[in-house]
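Hello,

Please find the structure below. My notes on it follow.

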Amino acid sequence: MNKRCVCGKVITSQYDLCNSCLAEYGRDSRLWPEWLIFAVADAKRTYYQNKIISEHEITFSDLEAD
Ligand SMILES: [Zn+2]
């Protein structure tokens, strides 16, 4: 699963923003507007929740196989 930027683009770097948002807001989150900090935190939470869910789905199908 890909990490997504607050603008909806897939992030290919190790940063929390896509290249065009990095160019606009910069890499230093201390300099971001408050809404952006919240939006990135929210996107991260969704990303990790989906990751946990997909890992659990693997566990559940393994259990069904038994
Ligand atoms: Zn973006």
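What percentage of the 66 residues of the protein chain count as buried? The figure is 8%. A residue is buried if 20 or more other C-beta atoms lie within 10 Å of its own, exposed if 12 or fewer, and partly exposed in between, with C-beta atoms placed from the backbone.

Two points on the source. This is a predicted model, where local features need pLDDT of at least 70, side-chain atom pairs count only at pLDDT 80 or more, and totals for chains, interfaces and linings use all residues. Numbering starts from 1 along each chain as its sequence is written.

The protein chain has two helices and zero strands. These are DSSP runs numbered from the N terminus (helices: H or I, at least four residues; strands: E, at least two).

Contacts come next. Two residues are in contact if their C-beta atoms, placed from the backbone, lie within 7 Å. Among contacts with a separation of 6 or more, 33% join residues 24 or more positions apart.

L36 sits in helix α2. L36 is partly exposed because 17 other C-beta atoms lie within 10 Å. Leaving out residues up to four places away in sequence, L36 touches V6 and Y25. L36 and V6 are 30 residues apart in sequence, yet 7.7 Å apart in space, C-alpha to C-alpha.

Helix α2 (residues 34–65) also holds Y47.

Best wishes
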